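Have your viewer open and try each task before reading its solution.

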Amino acid sequence: MASEDVKTSESAVSTIVNLAEEAKLAREGVKAPNYAVLSICKSLVAGGVAGGVSRTAVAPLERLKILLQVQNPHSIKYNGTIQGLKYIWRTEGFRGLFKGNGTNCARIVPNSAVKFFSYEQASKGILYLYQQQTGDDDAQLTPLLRLGAGACAGIIAMSATYPMDMVRGRLTVQTDSSPYQYRGMFHALSIVLREEGPRALYKGWLPSVIGVIPYVGLNFAVYESLKDWLIKSKAFGLVEDSELSVTTRLACGAAAGTVGQTVAYPLDVIRRRMQMVGWKEAASVVIGDGRNKASLEYAGMIDAFRKTVRHEGFGALYKGLVPNSVKVVPSIALAFVTYEVVKDILGVEIRISD
């Protein structure tokens, strides 16, 4: 008991000394040595948790969306949101609703961590340059500048984790009746590398980059702008002590997700279809059954757009939009709120443990 009291006293003294040192450094205009590292870790952890929670919550809708995007138009198995979910449940059971979610979380956790961290760093850099250019140290980011910061964050995060997204797409669409089974993310990565080469891991990367700009950029721009407008105008009585409630932030995230996904959706469809090209023994949902069997062949993004519209009509570019719309609102909203809540929790813990 005495040793515990000694440890507690030492911890309290250490905390006071650390706080005094940080205060001294702050007065001298110098940041504490561990401040930057703690800030980076906090952003990375919060972003990773936000991505994992939000994607798991809507995993069945995410899987159905991809199945609708890539299924053979001459061999329709999934025909709408309700019918599609029922069909998955009937043919593959409960586990079928979450097929590919493990790989998705393995991808989305580092993706979200890098994306949120990149957004914060890009925002700081762009704001600094903007303040230098205008000569106004109190200048704030405009919606257009937030769009640029969000786009930069999205491209960096997506490029860093794209191979995992590519194999996740294939794992998601394979069923128990598929001719060849990938056993997991690493097995799929090794098979694609061996049979199709390293470039295959980046199939669909170009439409992904183009789509990231409006999708992620608009997500951040709309979310941050809505928050700022509500706080400054105190509209609808939603602001208390210069803070927005969790419900209000959820609404802001939902609005941001709806705008971003609607603009970028056709590029997402093309990306998924390009990821299926070259897949030997592909899942039947992709190549069809029996006489309707046909391999997918696209020479590039433009060719994929052209063939999709020519053979299936313009509406094919929005296949899976309904489950995606149902999915994206809670997913994006949960991601933003979880990120901020986890950051707040980590911030309290960091201050206590210093």
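Rings of Phe, Tyr and Trp (its six-membered ring) pair if their centres lie within 6.5 Å; planes under 30 degrees apart count as stacked, over 60 as edge-to-face and the rest as tilted. The model is predicted, so local features need pLDDT of at least 70 and side-chain atom pairs count only at pLDDT 80 or more, while totals for chains, interfaces and linings use all residues. Residues are numbered from 1 along each chain as its sequence is written, and side-chain values use heavy atoms, with hydrogens and water left out.

**Exercise 1. Aromatic rings**

Step 1. Over the whole structure, the search gives eight aromatic pairs. One of them joins Tyr-78 and Tyr-87, with 5.2 Å centre to centre and 85° between the planes, and is edge-to-face. Tyr-78 is buried, at 2% relative accessibility (buried means under 20% relative accessible area, exposed over 50%, partly exposed in between, with a 1.4 Å probe and protein chains only).

Step 2. Tyr-265 and Tyr-318 also pair, at 6.1 Å centre to centre and 20° between the planes, which is stacked. This pair links distant parts of the chain: Tyr-265 sits in helix α9 and Tyr-318 in the loop between α11 (301–312) and α12, 53 residues apart. Helices (H or I, at least four residues) and strands (E, at least two) are DSSP runs, numbered from the N terminus.

Step 3. Tyr-265 is buried at 1% relative accessibility, whereas Tyr-318 is partly exposed at 29%.

**Exercise 2. Enclosed space**

How many cavities of 30 Å³ or more are there, and what lines the largest cavity?

Step 1. Set the rule. On a 1 Å grid over the protein atoms alone, a cavity is a set of points where a 1.4 Å probe fits but cannot get out, and a pocket is an open set with protein on both sides within 12 Å along at least five of seven lines; lining residues have an atom within 4 Å of a point. Grid points are joined across faces, edges and corners, and a volume is the space filled by probe spheres set on the points.

Step 2. The count is two cavities of 30 Å³ or more. The largest cavity holds about 660 Å³. Its lining has 39 residues, and Arg-55, Lys-115, Tyr-215, Val-216 and Arg-271 are the closest to its centre.

Step 3. Helix α8 gives the most to this lining of the largest cavity, eight residues. The lining splits into 16 nonpolar, 12 polar and 11 charged residues (Ala, Val, Leu, Ile, Met, Phe, Trp, Tyr, Cys and Pro count as nonpolar, Asp, Glu, Lys and Arg as charged, and the others, Gly among them, as polar).

Step 4. The second largest cavity has about 60 Å³. Residues lining the second largest cavity include Phe-98, Glu-62 and Arg-168, and α3 supplies the largest share, three residues.

**Exercise 3. Open space**

Which residues lie nearest the centre of the largest pocket?

Step 1. The largest pocket has a volume of about 720 Å³.

Step 2. Of its 27 lining residues, Glu-120, Glu-224, Lys-227, Glu-340 and Lys-343 lie nearest the centre of the largest pocket.

Step 3. By class, the lining of the largest pocket has 10 nonpolar, five polar and 12 charged residues.
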